[in-house]
Amino acid sequence: MTSSTNSFGFKFKGDLQMRIAGLHSIGKETRTCPSYQWNGLERSEEGRWVFQYTLHGQGAIRIGEQTYDLSKGHAFLVQIPSDHCYYLPDQSSSWEFIFITLFGNEVTRFFEQITTKHGHLFTFPLHAKPIKLIFHLLEEIATSGIEQAYKASQYAYSFLMDYLQYVEYEEQSQSPFPLTIYKAISFMQSKFAENLVLDDIVAVTGLSKYHFTRLFHHTVKETPMKYLAKLRIHQSTFLLKNSDLTIAEIATAVGFRSGNYFSKVFKNMINVPPSEYRKNQSYMPVDHFFID
């Protein structure tokens with residue numbers, strides 16, 4: 001069994017990050033090995049806070065004496081060191097997730113406040129600001145990297161503020177997605193590799209095209225086809241780094257009608273063409289540091 005990782009670690013000089021907020025690591029991983037686990041009392045890091053969000057599959061976490069299943073949309077927030085252990089459970093064949101690890105005095109103060117009030121387990125929609133920020137940072141770091149502590153601290157503080165805003169305000173004020181929008185999103189997530197058009201997506205909702213497109217844009221804050229394009233581009237970045245498929249074959253595999261159109265959309269979103277992304281931006285293990 002194999003696992004795929006796209007993780008980045010950081011180690012910068014100076015005390016700015018420790019005083020306010022620092023970025024220790026960030027990444028996206030798919031784990032399939034039954035031996036995968038992290039015990040919060042056996043790790044070498046100290047004073048770190050791990051936020052991890054499940055994209056697909058299933059994981060599990062033990063916090064104290066309680067064990068919890070982690071499926072799509074579930075997240076946890078834990079401190080290192082503390083009595084917890086997250087792992088791939090026996091009944092799961094894979095666990096795909098994104099994570100960010102932060103440190104610093106402000107991070108500790110605010111996250112202790114959050115976990116005291118709300119606990120360690122959370123549920124986030126994919127469009128929530130903290131989740132979207134992690135995806136944005138992964139794309140930017142993979143493309144241009146981080147070369148100094150001030151930028152890393154800025155990213156860490158941005159995540160902290162987005163997290164606080166969502167947990168303290170937006171989660172309580174936002175109503176759940178309408179069922180029709182959930183149906184459309186689920187359909188796109190499972191069928192993005194097919195030659196979908198807007199009418200296909202509308203058909204699963206039972207709404208008129210006019211009503212659906214207005215409702216989708218109001219709820220998700222972007223058009224259905226833009227959302228679909230983002231799903232396809234996210235999948236294409238994995239194939240570019242982990243397969244020998246040609247650009248044209250990857251375009252077809254993720255649902256684009258041609259390699260040229262795929263390259264145009266990819267460059268517009270990622271700021272580099274797919275051929276350059278594949279050639280110059282390889283996956284980096286978490287022990288590879290950006291150092292100022």
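I started with L41, which is exposed at a relative accessible area of 54%. For these notes, buried is under 20% relative accessible area, exposed is over 50%, and partly exposed is in between (1.4 Å probe, protein chains only).

The model is predicted, so I take local features only at pLDDT of at least 70 and side-chain atom pairs only at pLDDT 80 or more, while totals for chains, interfaces and linings use all residues. Residues are numbered from 1 along each chain as its sequence is written, and side-chain values use heavy atoms, with hydrogens and water left out.

**L41 and its loop**

I placed L41 in the loop between β3 and β4 (48-57). Helices (H or I, at least four residues) and strands (E, at least two) are DSSP runs numbered from the N terminus. I then looked up what L41 touches, with contact meaning heavy atoms within 4.5 Å. Leaving aside neighbours within four places in sequence, L41 is in contact with S82 and D83. I also checked I80, which is 39 residues from L41 along the chain; their C-alpha atoms are separated by 7.3 Å.

**Strand pairing at β8**

I count two strands as paired if DSSP finds at least two bridges between them. Strand β3 (residues 37-39) pairs with β8 (residues 84-87) in the antiparallel sense over three bridges. Strand β5 (residues 59-63) also pairs with β8 in the antiparallel sense, over four bridges. I looked up Y86 in β8 from both sides: Y86 is the bridge partner of W38, and I61 stands opposite Y86.

**Nonpolar cores**

I use nonpolar core for a set of buried Ala, Val, Leu, Ile, Met, Phe, Trp, Tyr and Cys residues joined through side-chain atoms within 4.5 Å. The largest one has 71 residues, and F51, I100, F111, F124, F159 and Y163 have the most contacts inside it. Helix α4 (residues 149-173) gives the largest share of this core, 10 residues. Another core lies apart from it, with 13 residues, among them Y36, V50, V78 and F99.

I listed the contacts of F51 beyond four places in sequence; they include F76, I100, F124, F159 and Y163.

**Whole chain**

I noted 11 helices and 11 strands in the protein chain. Of its 292 residues, 48% are buried. Among contacts with a separation of 6 or more, 74% join residues 24 or more positions apart. The chain exposes about 14,700 Å², and carbon and sulfur atoms supply 52% of that. Accessible areas come from the Shrake-Rupley method with a 1.4 Å probe, and for residues only the protein chains shown count as cover.
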